[in-house]
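Please describe this structure for someone who has not seen it before. Cover the sheet, the nonpolar cores and the aromatic rings.

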Amino acid sequence: MKFKQFLINEQNLKELTKHYTGALPIACYETTILEHASGYIPLHWHDEIQLIYVLKGEAVFQVNEEKIKLRSGDGLFINSGCLHMAEDLKKTGCVYICLNVLPHLFLPQELYTTYVLPYVQSTNLSYVLIDGSKEWSRAIQQALFVIRKLVQTKEPLFEIEITANLIKVWKQLLVHAFQKQYVYTEEVKNQRIKAMLTWVHMNYREKITLDDIAASGQISRSECCRYFKRMLDVTPLQYVMKYRIQKSILLLKQEEKSITDVAFEVGFNSTSYFIDQFKKMMGMTPLAYRKGKL
(Lines give C-alpha, C1' and ligand atoms only; values in the text may rest on other atoms or scores of the structure.)
Protein backbone atom coordinates (compact mmCIF):
# COMPACT_ATOMS: atom_id res chain seq x y z
CA MET A 1 0.00 0.00 0.00
CA LYS A 2 1.30 3.45 -0.89
CA PHE A 3 1.13 5.74 2.13
CA LYS A 4 0.38 9.44 1.84
CA GLN A 5 1.83 12.03 4.18
CA PHE A 6 -0.58 14.65 5.48
CA LEU A 7 1.25 17.98 5.61
CA ILE A 8 0.39 20.40 8.42
CA ASN A 9 2.08 23.61 9.49
CA GLU A 10 3.33 22.72 12.97
CA GLN A 11 3.25 26.37 14.00
CA ASN A 12 -0.54 26.68 13.75
CA LEU A 13 -1.98 23.24 12.71
CA LYS A 14 -3.14 24.65 9.39
CA GLU A 15 -3.17 22.24 6.46
CA LEU A 16 -0.48 23.10 3.90
CA THR A 17 -2.19 21.61 0.83
CA LYS A 18 -3.12 24.20 -1.78
CA HIS A 19 -6.58 23.51 -3.16
CA TYR A 20 -7.04 24.76 -6.72
CA THR A 21 -8.75 23.45 -9.84
CA GLY A 22 -8.15 25.67 -12.85
CA ALA A 23 -8.91 29.22 -11.75
CA LEU A 24 -11.07 28.13 -8.82
CA PRO A 25 -9.92 27.78 -5.17
CA ILE A 26 -11.47 24.32 -4.95
CA ALA A 27 -10.46 20.66 -4.75
CA CYS A 28 -12.60 17.54 -4.96
CA TYR A 29 -11.00 14.12 -4.54
CA GLU A 30 -11.34 10.69 -2.93
CA THR A 31 -9.60 9.95 0.37
CA THR A 32 -8.86 6.53 1.86
CA ILE A 33 -8.14 7.12 5.54
CA LEU A 34 -5.89 4.10 6.08
CA GLU A 35 -3.59 5.16 3.21
CA HIS A 36 -2.27 8.11 5.20
CA ALA A 37 1.10 7.73 6.88
CA SER A 38 -0.37 8.14 10.36
CA GLY A 39 -3.14 5.61 9.70
CA TYR A 40 -5.68 8.39 10.23
CA ILE A 41 -6.33 12.00 9.20
CA PRO A 42 -4.61 14.03 11.95
CA LEU A 43 -6.08 17.04 13.70
CA HIS A 44 -5.89 20.15 11.51
CA TRP A 45 -7.87 23.09 10.14
CA HIS A 46 -8.04 25.20 7.00
CA ASP A 47 -9.79 28.28 5.67
CA GLU A 48 -11.84 26.21 3.24
CA ILE A 49 -15.24 24.78 4.05
CA GLN A 50 -15.14 21.00 3.69
CA LEU A 51 -17.95 18.76 2.48
CA ILE A 52 -17.62 15.00 2.83
CA TYR A 53 -19.58 12.08 1.38
CA VAL A 54 -18.73 8.53 2.48
CA LEU A 55 -18.56 6.09 -0.43
CA LYS A 56 -17.46 2.99 1.47
CA GLY A 57 -17.00 1.78 5.05
CA GLU A 58 -17.40 3.92 8.14
CA ALA A 59 -15.32 6.38 10.14
CA VAL A 60 -15.42 8.65 13.15
CA PHE A 61 -14.92 12.31 12.33
CA GLN A 62 -14.13 14.76 15.09
CA VAL A 63 -14.93 18.46 14.67
CA ASN A 64 -13.76 20.60 17.59
CA GLU A 65 -15.10 18.65 20.61
CA GLU A 66 -17.77 16.64 18.80
CA LYS A 67 -17.37 13.12 17.40
CA ILE A 68 -19.61 12.08 14.51
CA LYS A 69 -19.88 8.54 13.17
CA LEU A 70 -20.43 8.37 9.41
CA ARG A 71 -21.36 5.32 7.35
CA SER A 72 -21.58 4.77 3.62
CA GLY A 73 -24.14 7.23 2.24
CA ASP A 74 -23.66 9.83 4.98
CA GLY A 75 -22.06 13.23 4.57
CA LEU A 76 -20.66 16.05 6.67
CA PHE A 77 -20.29 19.83 6.41
CA ILE A 78 -17.23 21.16 8.29
CA ASN A 79 -17.05 24.91 8.72
CA SER A 80 -14.06 27.10 7.91
CA GLY A 81 -11.40 27.26 10.62
CA CYS A 82 -12.69 24.31 12.67
CA LEU A 83 -10.25 21.72 14.00
CA HIS A 84 -11.07 18.27 12.67
CA MET A 85 -9.69 14.76 12.19
CA ALA A 86 -10.91 11.35 11.00
CA GLU A 87 -10.22 7.74 12.02
CA ASP A 88 -11.24 4.43 10.46
CA LEU A 89 -11.35 2.73 13.86
CA LYS A 90 -12.73 -0.60 12.63
CA LYS A 91 -10.37 -0.75 9.62
CA THR A 92 -13.33 -0.79 7.20
CA GLY A 93 -11.33 0.72 4.34
CA CYS A 94 -13.34 3.92 4.57
CA VAL A 95 -13.29 5.97 1.36
CA TYR A 96 -14.96 9.35 1.03
CA ILE A 97 -15.31 12.21 -1.41
CA CYS A 98 -13.81 15.38 -0.01
CA LEU A 99 -14.71 18.81 -1.37
CA ASN A 100 -12.64 21.77 -0.12
CA VAL A 101 -13.81 25.21 -1.19
CA LEU A 102 -13.21 28.75 0.08
CA PRO A 103 -16.44 30.29 1.46
CA HIS A 104 -16.59 33.20 -1.00
CA LEU A 105 -17.01 30.78 -3.91
CA PHE A 106 -20.47 29.58 -2.88
CA LEU A 107 -22.35 32.77 -3.81
CA PRO A 108 -21.68 35.97 -5.78
CA GLN A 109 -20.01 38.83 -3.92
CA GLU A 110 -23.28 40.77 -3.63
CA LEU A 111 -24.86 37.89 -1.67
CA TYR A 112 -21.85 36.73 0.33
CA THR A 113 -22.18 39.16 3.25
CA THR A 114 -25.85 38.28 3.82
CA TYR A 115 -26.03 34.58 3.02
CA VAL A 116 -22.54 33.15 3.65
CA LEU A 117 -20.41 35.22 6.06
CA PRO A 118 -22.82 35.07 9.07
CA TYR A 119 -22.79 31.28 8.91
CA VAL A 120 -19.02 30.99 8.44
CA GLN A 121 -18.60 33.15 11.57
CA SER A 122 -21.24 31.28 13.59
CA THR A 123 -19.60 29.56 16.56
CA ASN A 124 -22.45 27.06 16.97
CA LEU A 125 -22.07 25.86 13.39
CA SER A 126 -18.87 23.85 13.42
CA TYR A 127 -20.45 20.98 11.47
CA VAL A 128 -23.69 19.63 10.00
CA LEU A 129 -24.47 15.94 9.57
CA ILE A 130 -25.76 15.29 6.06
CA ASP A 131 -27.97 12.24 6.59
CA GLY A 132 -28.14 10.25 3.37
CA SER A 133 -31.73 9.19 4.03
CA LYS A 134 -33.10 12.74 3.66
CA GLU A 135 -34.09 14.21 0.33
CA TRP A 136 -32.21 17.51 0.82
CA SER A 137 -29.09 15.56 1.78
CA ARG A 138 -29.31 13.48 -1.38
CA ALA A 139 -29.49 16.71 -3.42
CA ILE A 140 -26.19 17.82 -1.85
CA GLN A 141 -24.60 14.43 -2.44
CA GLN A 142 -25.65 14.46 -6.10
CA ALA A 143 -24.08 17.90 -6.52
CA LEU A 144 -20.83 16.57 -5.02
CA PHE A 145 -20.76 13.75 -7.58
CA VAL A 146 -21.25 16.26 -10.38
CA ILE A 147 -18.49 18.52 -9.03
CA ARG A 148 -16.09 15.58 -8.67
CA LYS A 149 -16.71 14.57 -12.29
CA LEU A 150 -16.22 18.15 -13.50
CA VAL A 151 -12.93 18.46 -11.58
CA GLN A 152 -11.70 15.22 -13.16
CA THR A 153 -12.84 15.81 -16.77
CA LYS A 154 -12.56 19.62 -17.02
CA GLU A 155 -15.23 19.74 -19.70
CA PRO A 156 -15.88 23.04 -21.52
CA LEU A 157 -17.29 25.64 -19.10
CA PHE A 158 -16.65 23.25 -16.20
CA GLU A 159 -15.85 26.12 -13.83
CA ILE A 160 -19.26 27.68 -14.45
CA GLU A 161 -20.94 24.31 -13.88
CA ILE A 162 -19.02 23.83 -10.62
CA THR A 163 -20.16 27.26 -9.44
CA ALA A 164 -23.78 26.43 -10.29
CA ASN A 165 -23.61 23.23 -8.25
CA LEU A 166 -22.00 25.02 -5.30
CA ILE A 167 -24.99 27.38 -5.24
CA LYS A 168 -27.30 24.34 -5.15
CA VAL A 169 -25.35 22.93 -2.20
CA TRP A 170 -25.42 26.19 -0.25
CA LYS A 171 -29.16 26.70 -0.82
CA GLN A 172 -29.92 23.24 0.60
CA LEU A 173 -27.77 23.94 3.66
CA LEU A 174 -29.37 27.36 4.20
CA VAL A 175 -32.91 26.02 3.98
CA HIS A 176 -32.52 22.76 5.89
CA ALA A 177 -29.44 22.79 8.11
CA PHE A 178 -28.07 26.15 9.17
CA GLN A 179 -28.65 28.21 12.28
CA LYS A 180 -26.31 31.11 12.93
CA GLN A 181 -25.06 32.26 16.29
CA TYR A 182 -21.87 33.83 17.56
CA VAL A 183 -20.72 33.01 21.08
CA TYR A 184 -17.48 34.76 22.08
CA THR A 185 -16.54 32.14 24.68
CA GLU A 186 -16.64 29.40 22.02
CA GLU A 187 -14.25 31.36 19.82
CA VAL A 188 -11.86 31.87 22.76
CA LYS A 189 -11.96 28.14 23.55
CA ASN A 190 -11.21 27.27 19.93
CA GLN A 191 -8.22 29.63 19.83
CA ARG A 192 -6.82 28.34 23.14
CA ILE A 193 -6.84 24.68 22.13
CA LYS A 194 -5.18 25.61 18.82
CA ALA A 195 -2.50 27.55 20.74
CA MET A 196 -1.78 24.62 23.08
CA LEU A 197 -1.63 22.03 20.31
CA THR A 198 0.62 24.29 18.26
CA TRP A 199 2.97 24.71 21.23
CA VAL A 200 3.18 20.93 21.69
CA HIS A 201 3.88 20.42 17.99
CA MET A 202 6.68 22.98 18.08
CA ASN A 203 8.29 21.68 21.29
CA TYR A 204 7.67 17.91 21.35
CA ARG A 205 11.41 17.20 21.09
CA GLU A 206 12.01 18.95 24.44
CA LYS A 207 11.01 18.07 27.98
CA ILE A 208 7.36 19.12 28.38
CA THR A 209 5.33 19.57 31.56
CA LEU A 210 1.64 20.16 32.15
CA ASP A 211 2.51 23.66 33.36
CA ASP A 212 4.19 24.40 30.02
CA ILE A 213 1.14 23.35 28.01
CA ALA A 214 -1.30 25.24 30.25
CA ALA A 215 0.82 28.38 30.03
CA SER A 216 0.80 28.26 26.22
CA GLY A 217 -3.02 28.47 26.34
CA GLN A 218 -2.97 31.03 29.18
CA ILE A 219 -5.16 28.83 31.37
CA SER A 220 -4.80 26.82 34.58
CA ARG A 221 -3.54 23.23 34.77
CA SER A 222 -7.01 21.88 35.60
CA GLU A 223 -8.66 23.83 32.78
CA CYS A 224 -5.96 22.63 30.39
CA CYS A 225 -6.77 19.03 31.32
CA ARG A 226 -10.48 19.65 30.73
CA TYR A 227 -9.79 21.13 27.29
CA PHE A 228 -7.77 18.09 26.18
CA LYS A 229 -10.25 15.62 27.66
CA ARG A 230 -13.19 17.26 25.89
CA MET A 231 -11.42 17.75 22.58
CA LEU A 232 -9.16 14.70 22.31
CA ASP A 233 -10.25 12.34 25.10
CA VAL A 234 -6.68 12.20 26.46
CA THR A 235 -4.67 14.09 29.05
CA PRO A 236 -2.26 16.76 27.77
CA LEU A 237 0.77 14.58 28.46
CA GLN A 238 -0.87 11.57 26.81
CA TYR A 239 -1.32 13.74 23.74
CA VAL A 240 2.39 14.63 23.81
CA MET A 241 3.24 10.91 23.92
CA LYS A 242 0.85 10.16 21.05
CA TYR A 243 2.29 12.97 18.95
CA ARG A 244 5.88 11.81 19.57
CA ILE A 245 4.99 8.28 18.44
CA GLN A 246 3.25 9.73 15.37
CA LYS A 247 6.38 11.69 14.43
CA SER A 248 8.57 8.64 15.05
CA ILE A 249 6.58 6.64 12.47
CA LEU A 250 7.73 9.00 9.73
CA LEU A 251 11.37 8.77 10.85
CA LEU A 252 11.32 4.97 11.03
CA LYS A 253 10.85 4.90 7.25
CA GLN A 254 14.34 6.37 6.90
CA GLU A 255 16.60 3.30 6.95
CA GLU A 256 19.74 5.25 7.80
CA LYS A 257 18.34 6.24 11.22
CA SER A 258 18.77 3.82 14.10
CA ILE A 259 15.99 3.18 16.61
CA THR A 260 18.01 5.15 19.15
CA ASP A 261 18.36 8.08 16.73
CA VAL A 262 14.60 8.10 16.20
CA ALA A 263 13.89 7.91 19.92
CA PHE A 264 16.03 10.94 20.75
CA GLU A 265 14.82 12.95 17.75
CA VAL A 266 11.20 12.79 18.94
CA GLY A 267 11.90 13.66 22.57
CA PHE A 268 12.61 10.38 24.38
CA ASN A 269 15.70 10.26 26.60
CA SER A 270 15.67 6.45 26.75
CA THR A 271 15.55 4.01 23.84
CA SER A 272 13.95 1.29 25.97
CA TYR A 273 11.19 3.67 27.10
CA PHE A 274 10.54 4.66 23.49
CA ILE A 275 10.28 1.00 22.45
CA ASP A 276 7.92 0.28 25.36
CA GLN A 277 5.63 3.23 24.55
CA PHE A 278 5.70 2.52 20.81
CA LYS A 279 4.71 -1.10 21.39
CA LYS A 280 1.95 -0.05 23.78
CA MET A 281 0.47 2.31 21.20
CA MET A 282 1.17 0.47 17.92
CA GLY A 283 1.04 -3.16 19.07
CA MET A 284 4.57 -3.90 17.83
CA THR A 285 8.14 -2.74 18.37
CA PRO A 286 9.63 0.07 16.25
CA LEU A 287 11.90 -2.46 14.55
CA ALA A 288 8.99 -4.72 13.63
CA TYR A 289 7.09 -1.72 12.31
CA ARG A 290 10.08 -0.66 10.21
CA LYS A 291 10.49 -4.15 8.72
CA GLY A 292 6.81 -4.25 7.82
CA LYS A 293 6.76 -0.84 6.10
CA LEU A 294 10.05 -0.70 4.22
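The report below takes these topics in turn.

## Basis of the model

This is a predicted model, in which local features need pLDDT of at least 70, side-chain atom pairs count only at pLDDT 80 or more, and totals for chains, interfaces and linings use all residues. Residues are numbered from 1 along each chain as its sequence is written, and side-chain values use heavy atoms, with hydrogens and water left out.

Helices (H or I, at least four residues) and strands (E, at least two) are DSSP runs, numbered from the N terminus.

## The sheet

Four strands form an open sheet. Their order is S2-S7-S4-S5, and the pairing is antiparallel. Two strands pair if DSSP finds at least two bridges between them. Strand S2 (41-44) and S5 are at the edges with a single partner strand each, so one side of each has no neighbour in the sheet. On average, neighbouring strands are turned by 20 degrees against each other, direction ignored. The axes behind such angles are lines fitted to C-alpha atoms, for helices over the stretch in contact, and angles run from 0 to 180 degrees between N-to-C directions.

Strand S4 (residues 58-63) has five of its six residues buried. Buried means under 20% relative accessible area, exposed over 50%, and partly exposed in between (1.4 Å probe, protein chains only). Six bridges join S4 to strand S5 (residues 66-71). Gln 62 has Lys 67 in S5 as its bridge partner. S4 and S5 form a hairpin with two residues between them. In the turn, Asn 64 has a positive phi of about 50 degrees.

S4 is also joined to strand S7 (residues 84-87), by four bridges. Here Val 63 stands opposite His 84. S2 and S7 pair over two bridges. Ile 41 has Ala 86 in S7 as its bridge partner.

## The nonpolar cores

A nonpolar core is a set of buried Ala, Val, Leu, Ile, Met, Phe, Trp, Tyr and Cys residues joined through side-chain atoms within 4.5 Å. The largest one has 39 residues, and Leu 197 and Phe 228 touch the most other members. Several helices each supply at least two residues, among them helix H5 (184-203), helix H7 (221-232) and helix H8 (236-252). H8 gives the largest share, eight residues.

Contact means heavy atoms within 4.5 Å. Not counting residues up to four places away in sequence, Leu 197 touches Leu 13, Leu 43, Leu 83, Phe 228, Leu 232 and Tyr 239. A second, separate core has 34 residues, including Val 116, Ala 143, Phe 158 and Phe 178.

## Aromatic rings

Rings of Phe, Tyr and Trp (its six-membered ring) pair if their centres lie within 6.5 Å; planes under 30 degrees apart count as stacked, over 60 as edge-to-face and the rest as tilted. By this rule there are 14 aromatic pairs. In one of them, the rings of Phe 278 and Tyr 289 have centres 5.8 Å apart and planes at 70 degrees, so the pair is edge-to-face. Phe 278 lies in helix H10 (residues 271-282) and Tyr 289 in helix H11 (residues 286-293), so the pair ties together parts 11 residues apart in sequence. Phe 278 counts as buried at 0% relative accessibility, and Tyr 289 counts as buried at 6%.

Ring pairs also link Phe 77, Phe 106, Tyr 119, Trp 170 and Phe 178 into a cluster.

## Charges over rings

A charge sits over a ring if NZ of Lys or CZ of Arg is within 6 Å of the ring centre and within 35 degrees of the ring normal. The charged end of Lys 194 sits over the ring of Trp 45, 4.2 Å from its centre. The charged end of Lys 242 sits over the ring of Tyr 40, 5.6 Å from its centre.
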